[in-house]
Amino acid sequence: MITRQRLAAGLGALLAALAAGLAFPAGAVADETTANAPKVDLVIDVSGSMRAKDIDGQSRMAAAKQAFNEVLDATPEEVRLGIRTLGATYPGDDRKTGCKDTAQLFPVGPLDRTEAKAAVATLTPTGWTPIGPALLRAADDLDGGEGSKRIVLISDGEDTCAPLDPCEVAREIAAKGIGLTIDTLGLVPNAKMRKQLSCIAEATGGTYTSVEHANELTDRVNQLVDRAADPVVTPVATEGAAECAKAPTLKSGLYTDREEFGRERWYRVDVEPGQELRAAVSVAADRAVSPDYGVLLRAVTVHGREIVRGEAAGNGRTDVVSTGLRYPKAESDDEETPAETVCLQVTHSFAAAAGVKSTPGLPLELTVDVVDGPSPAGDVASFGLGRGWWLLGALVVAGFLGGLVWGWLSRWRVAVWRTN
C-alpha cells in the first residue's frame, strides 16, 4: 500500500514538473510575441471645433466616431491598438489647464472591440487642441517592444498650445530612434493646418492626408492600421562620431542617426579579404531648408586615404537625397591577413532656412552590406561590360565583314561603269 502511494506521489510530481516545464516556454513565447506585436495609437482631436457640421451633413465628431467604429471592427488581431484624446475634458479658458488636456481613452494592448466602441461613444467636443503634449504622451503609450509603432493623429485644427511646437515635438520623437512613425489626417483643412500636420508627418517619415468625407477618413485610417501589421525592417539607432577613431563599428544592417547642419558623421566597417562593402545613405529634409543641397558618402582608410566616394546634389525642394558606394577588397594568398577597417564619412550640404531650428539634426538612414566579393571569372560585370563583350566582339566582326563586302561591291560597280 505504501509502495503504491509513493509511486502515485512520484508520478504526480513528475506530471506537475512536466506541466510546469511546458508552461514556462509557452509563456515566454507569448511574452515575446506580445513584445514584438505592431502597435498603433489613434490620437483623436475632441476640441470644440469638432462640433462643426461640414462632413457629409454631419459633425466632424460624428464622422470620426463612425470611422473609429468601422476601423475597430477591421483591426487585425495581431495589432495592439489604443486610443488617446486631446481636448476632451476641459471646457474652460485657462490655457495652462487646457494644454494638459490629453488622456488615454483606451490603453494600447489586445483589442476589446466592445469596450473600445463604448469609450468612443462617450466623446463630446469640448476644449483646446494640445497636439504637442498629446504626441509626447502617445509616444510614451507606445514605448517598449521591438514591433512597428505608429501614431495616427486626426485633427481639424492647429495646435493651440504654442510655444510647444508640434513639429519640434515630432522631430524630438524621431531623434530618439525608436522607429515610431506619425501619420496625420486633417479634417476639412486650411492652409495653416495643412502645413503643420504635413510637418509633423514628414519629421518621422509618415504621411499627411486631407479628408473631407467620412468614407475617406474610414478608408485612410484602415490603411494605416493595416500598414502597421505589415512586416518592416526597423533601423537600428546608432550615433556616429566626429572622427573615424571614435566611430562605432557597424555590421551589415540598416541604421538610423541624426546629423546637424555643417557637421559630419563617421562610422567604421570591417571588411575581410575577398569581401565587398556596399553602403548607401539617405538624408531627409524634415524641415524648411535652402534650395541647394547635396550628400557625400566617402570610404577612407584609417590613415585618411580616400578609397571611393558617392555623391548626389541638386537644386530645388526635395524630401530625401541619397547616394551609395561599393568597395571590393582583393583576396589574399595569406589566410592570416587581417580584416581592413574602412571608415565611412557622411556629409550633407543642407542649410536651415531663416528662423528654422538646427537641432536635432536631419535624419539619415545608412545601409551597410558586407558580402562575398565577385569572382573575376564568374562575375558578369568583372570586366566592366560583363556579357557586353560578346556583343561588342560580334559587332566588330560584323562591321569588318560588312566593310569588305561594301568595298568589293564599290570596286565592281566602278569597273562596270568604266567598261560601259
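Me: Where is P360 found?
Reply: P360 sits in the loop between β14 (340-348) and β15 (362-372). Helices (H or I, at least four residues) and strands (E, at least two) are DSSP runs here, numbered from the N terminus.

Me: And what kind of peptide bond joins T359 and P360?
Reply: A cis one, with omega at about -10 degrees.

Me: Before we go on, what sort of model is this?
Reply: This is a predicted model, where local features need pLDDT of at least 70 and side-chain atom pairs count only at pLDDT 80 or more, while totals for chains, interfaces and linings use all residues. Residues are numbered from 1 along each chain as its sequence is written, and side-chain values use heavy atoms, with hydrogens and water left out.

Me: OK, salt bridges. How many are there?
Reply: The count comes to 18 salt bridges. A salt bridge is a side-chain nitrogen of Lys or Arg within 4 Å of a carboxyl oxygen of Asp or Glu.

Me: Which residue does D141 pair with?
Reply: D141 meets R84 in a salt bridge, at 2.7 Å from N to O. D141 lies in helix α5 (residues 131-141) and R84 in strand β2 (residues 80-86), so the pair ties together parts that are 57 residues apart in sequence.

Me: Are D141 and R84 buried or exposed?
Reply: Both D141 and R84 are buried. Buried means under 20% relative accessible area, exposed means over 50%, and partly exposed is in between (1.4 Å probe, protein chains only).

Me: What about the rest of α5, how many of its residues are buried?
Reply: 8 of the 11 residues of α5 are buried, so this helix is largely enclosed by the rest of the structure. The buried ones are I131, G132, P133, A134, L135, A138, A139 and D141.

Me: Back to salt bridges. Where are D286 and R258?
Reply: Their side chains meet in a salt bridge, 3.1 Å from N to O. This pair links distant parts of the chain, with D286 in the loop between β10 (275-284) and β11 (292-300) and R258 in strand β8 (residues 253-259), 28 residues apart. D286 is buried, with a relative accessible area of 1%, and R258 counts as buried at 10%.

Me: Which residues are joined into one salt-bridge network?
Reply: R298, E306, R309 and E311, through salt bridges that share partners.

Me: How does E243 pair up with K246?
Reply: Their side chains form a salt bridge at 3.9 Å, N to O. E243 is partly exposed at 38% relative accessible area, and K246 is exposed at 65%.

Me: Why do side chains like that pair at all?
Reply: Side chains of opposite charge can pair when their charged atoms come close.

Me: New topic: which residues touch the most other members of the largest nonpolar core?
Reply: L42, I44, I154, L185, L217, V221 and V225 do, in a core of 32 residues. A nonpolar core is a set of buried Ala, Val, Leu, Ile, Met, Phe, Trp, Tyr and Cys residues joined through side-chain atoms within 4.5 Å.

Me: Which elements supply it?
Reply: β1, α2, β2, α4 (113-121), β4 (149-155), β5 (180-187) and α8 (214-229) each supply at least two residues of this core. α2 gives the most, with 7 residues.

Me: Now the outside. Which residues form the nonpolar patch on the surface?
Reply: V405, W406, W408, L409 and W412, with about 620 Å² of accessible area together. Patches are made of residues with over 30% relative accessible area and no salt bridge, with like charges joined within 9 Å and nonpolar side chains (Val, Leu, Ile, Met, Phe, Trp, Tyr) within 5 Å. Accessible areas come from the Shrake-Rupley method with a 1.4 Å probe, and for residues only the protein chains shown count as cover.

Me: Where's V405?
Reply: V405 is in helix α9 (residues 388-419).

Me: Which residues make the negative patch?
Reply: D56, E70, E212, E216 and D219. Asp and Glu count as negative and Lys and Arg as positive, while His and the chain ends are not counted. The place of a charge is taken as NZ of Lys, CZ of Arg, CG of Asp or CD of Glu.

Me: What's D56's phi?
Reply: Positive, about 55 degrees, although D56 is not a glycine. D56 is found in the loop between β1 (39-45) and α2 (60-74), and counts as partly exposed at 48% relative accessibility.

Me: And V188, what's its phi?
Reply: V188 has a positive phi of about 45 degrees and is not a glycine. V188 lies in the loop between β5 and α7 (191-203).
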